[in-house]
Amino acid sequence: MNKKLAIAHILQSCSKEPKHEIGTFFAPSNIALCKYWGKRDTELNLPNTASLSISLGDLGARTTLSLNSKPVDVVFVNGKEFDKNTAFVKNLLNFLDYFRSYPEMYFIVKTEVNIPIGAGLASSACGFAALVGALDALFGWDLSTSQLSLLARMGSGSASRSFWHGFVEWEMGIREDGMDSVGVPLNIRWPELRIGLLILNAQQKILSSREAMQRTVLTSPFYSVWPNTQDVHLLRLKNAIETRNFLELGETSEINALAMHALMLTACPPILYSNPATLEAMHKIWQCRQQGLSLFFTQDAGPNLKLLFLHPEQDAIVKFFPDLNIIAPFMSRG
Ligand code: PMV
């Protein structure tokens, strides 16, 4: 099935005309503890494995959408009209094409994003999720959160996990049309859990995760071991979350991220998102561990690290990493 048909299937009984003047939606960003790396269907963004994430609370994207009476799409990011040639905007506008009821339907997109864009901090995950949510609000579709997750997945895979707070599993699914490849919240709270964003370079990455992922699948001689590794890591992570076993959560998340980056190094040509500051920070984290702190990291398609720790150790960790942007994903949320 192609993307157009899959989207049409989900929207089959939905209005083609906006019900409201504007539609607004907030989606939190999410960081995978068990990564999505590789697609079995590049058109529908169907993954080769399941993945598991934690949402970043108030960090994310709030998107407001309205129709433009002028024959042009306009995209504002954080109050400024954004260059349509940037990958972020190009991808959003290409995706919007699937939702125009007629070719002359143009949009004004206003997005407030409070994380750096395109730096491996899941700006595309929250960006696509917020866009789909804003479409739903503008047209008054009233879709379920799972349906929104299915739609957003077709914009950016990791966006399927950005509709909930806390832990979210993106189930791999087995159907060819992808209707079972959807985000599912774990509904387990872990109030002491903290995520520290260690921004080492907020510049846009040169190679998109989309391209890097595909190159790894097609050229790494070791990709065949990835799905089994994922199965083991996912089980371990779910068990760690259920039993609030932080050491197991931290260790498994870190190993999972390092395994993904190791795979990328074996792609042809090789892919390396880390820079010297990334490696220095990793060594510092391992030194902290040797000194008895329970501190772990995960890394996505960029040089920045996300540190994982528990609240009681926060003061000690901040001494080593004073610039850490700390998120409490379960604070003041139901
Ligand atoms: O959804 P994409 O195409 O931006 O890919 C996300 C890839 C990673 O962030 C590296 C892993 C993940 O599961 O989020």
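**Entry 1: the ligand**

I started at Asp 300, where a polar side-chain atom lies 3.4 Å from an oxygen atom of the ligand. I count a polar contact as a pair of N or O atoms within 3.5 Å; within protein, one must be able to donate a hydrogen and the other to accept it, and residues adjacent in sequence count only if both atoms are side-chain atoms. The protein covers 92% of the 380 Å² of accessible area that the ligand has on its own. I took such areas from the Shrake-Rupley method with a 1.4 Å probe.

A note on the source: this is a predicted model, where local features need pLDDT of at least 70, side-chain atom pairs count only at pLDDT 80 or more, and totals for chains, interfaces and linings use all residues. Residues are numbered from 1 along each chain as its sequence is written, and side-chain values use heavy atoms, with hydrogens and water left out.

I then looked up Ser 209. An N or O atom of its side chain is 3.2 Å from an oxygen atom of the ligand. At Gly 157, a polar backbone atom is 3.4 Å from a ligand oxygen.

**Entry 2**

I traced an open sheet of four strands, in the order E11-E12-E10-E13, with antiparallel pairing. Strands pair if DSSP finds at least two bridges between them. Helices (H or I, at least four residues) and strands (E, at least two) are DSSP runs, numbered from the N terminus. The edges are E11 (296-299) and E13 (325-327), each pairing on one side only.

I followed E10 (193-198), which pairs with E13 over three bridges. Leu 197 has Asn 325 of E13 as its bridge partner.

Helix H7 (246-265) lies across E10, E11 and E12, at about 35° to E11. Helix H8 (276-290) lies across E10, E11 and E12 too, at about 155° to E11. Contact means heavy atoms within 4.5 Å. Axes are lines fitted to C-alpha atoms, for helices over the stretch in contact, and angles run from 0 to 180 degrees between N-to-C directions.

Most residues other than glycine have a negative phi, and most peptide bonds are trans. I found the bond from Cys 268 to Pro 269 to be cis, with omega near -5°. Pro 269 sits in the loop between H7 and H8. Asn 78 has a positive phi, near 50°.
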